[in-house]
Amino acid sequence: WGQSEKLWSEILSVRATRLGSGHPDTLTAMHHLAATYRNQGKWKEAESLEVKVMEAREEILGPLHPDTLTAITSLAATYWNQGRWKEAESLEVKVVEASEEILGPLHPDTLTAMGNLAFTYGNQGKWEEAEILQLQGKWEEAEILQLQVMEVRKEKLGPLHPDTLTAMDNLASTYRNQGKWEEAEILQVQVMEARKEIFGALHDHKD
């Protein structure tokens, strides 16, 4: 990552000088440099650049542009990696709402955004045990999102698709964290049976 950081730093410097700080190509370089910082755990450096990219894209492209949403998602990831769940949640809610508006609720990018938000809700439940009163609300919100993701994936991808089974696993985990043992067990059995069926089909195909 050190070499990548050096490369993108040089590219950013050249583009900023030649094109200006607000040019799309400059912002793209800034976005990539921020990603290299994030991958090295340099959270402050990553956050500083990601905020600049997000604000510039919101101003130039508008809050609903895909590049703007990508920038917001990147900043949310930096917050997420630091355990700054509230800040990550605030950004991810924006991405979900915007994605639903411009792409629709069934678009893969919308589902990804919903999954990210659900995961953030779940992690607030896992890591902030002290805030018991708030936890239940977060689990309920996570459950709603994960249920939507699971149902849509079943419809679009089929009940045996790996992404569908992952969504079912996630929902089962959320059920367990709420003490909904029966609901969790039902899903886990379904996932287990589906994976047995997939494994059997692959085995028969090999034979």
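This is a short chat about a predicted model of one protein chain.

Trainee: Where do I start? How many helices and strands does the chain have?
Mentor: Nine helices and zero strands. Read along the sequence, the pattern is α-α-α-α-α-α-α-α-α. Keep in mind that the model is predicted.

Trainee: What share of the residues is buried?
Mentor: Buried residues make up 39% of the 207 in the chain.

Trainee: And the contacts? What percentage join residues at least 24 apart?
Mentor: Take contacts between residues at least 6 apart in sequence. Of those, 51% join residues at least 24 apart.

Trainee: Let's zoom in on α3. How many residues does α3 have?
Mentor: α3 has 18 residues and covers residues 43-60. From first C-alpha to last, α3 reaches 25 Å, close to the 26 Å expected at 1.5 Å a residue.

Trainee: Which residues of α3 are buried?
Mentor: A46, E47, L49, E50, V53, M54, A56 and R57. They pack against α2 (24-39), α4 (66-81) and α5.

Trainee: R57 is on that list. What is the nearest side chain of opposite charge to R57?
Mentor: D67, and D67 is 5.1 Å away. A salt bridge needs the charged atoms within 4 Å. R57 is buried yet has no salt bridge.

Trainee: What else does R57 touch?
Mentor: Leave out residues up to four places away in sequence. Then R57 touches L27, T28, H31, G62, D67, T68 and A71.

Trainee: G62 again. Where does G62 sit relative to α3?
Mentor: Just after α3. G62 takes a positive phi of about 100°.

Trainee: Switching to α5. What does α5 reach from end to end?
Mentor: Helix α5 (residues 85-102) reaches 25 Å from its first C-alpha to its last.

Trainee: Which residues of α5 are buried?
Mentor: W85, A88, E89, L91, E92, V95, V96, A98 and S99.

Trainee: And which residue just after α5 has a positive phi?
Mentor: G104, at about 100°.

Trainee: New topic, the largest nonpolar core. Which residues touch the most other members?
Mentor: L91 and L187, out of 41 residues in that core. This core draws at least three residues from each of domain 1 (1-125) and domain 2 (137-206).

Trainee: What does L187 touch?
Mentor: M150, M168, L171, A172 and Y175, not counting residues up to four places away in sequence.

Technical notes: Residues numbered from 1 in each chain as written. Predicted model: local features only at pLDDT ≥ 70, side-chain atom pairs only at ≥ 80, totals over all residues. Heavy atoms only, no water. Helix = DSSP H or I, 4+ residues; strand = E, 2+ residues; numbered from the N terminus. Buried < 20%, exposed > 50% of the residue type's maximum accessible area, 1.4 Å probe, protein only. Lys, Arg positive; Asp, Glu negative; His and termini not counted. Contact = heavy atoms within 4.5 Å. Expected span 1.5 Å × (residues − 1). Core = buried A, V, L, I, M, F, W, Y, C linked by side-chain atoms within 4.5 Å. Domains from an automatic or database assignment.
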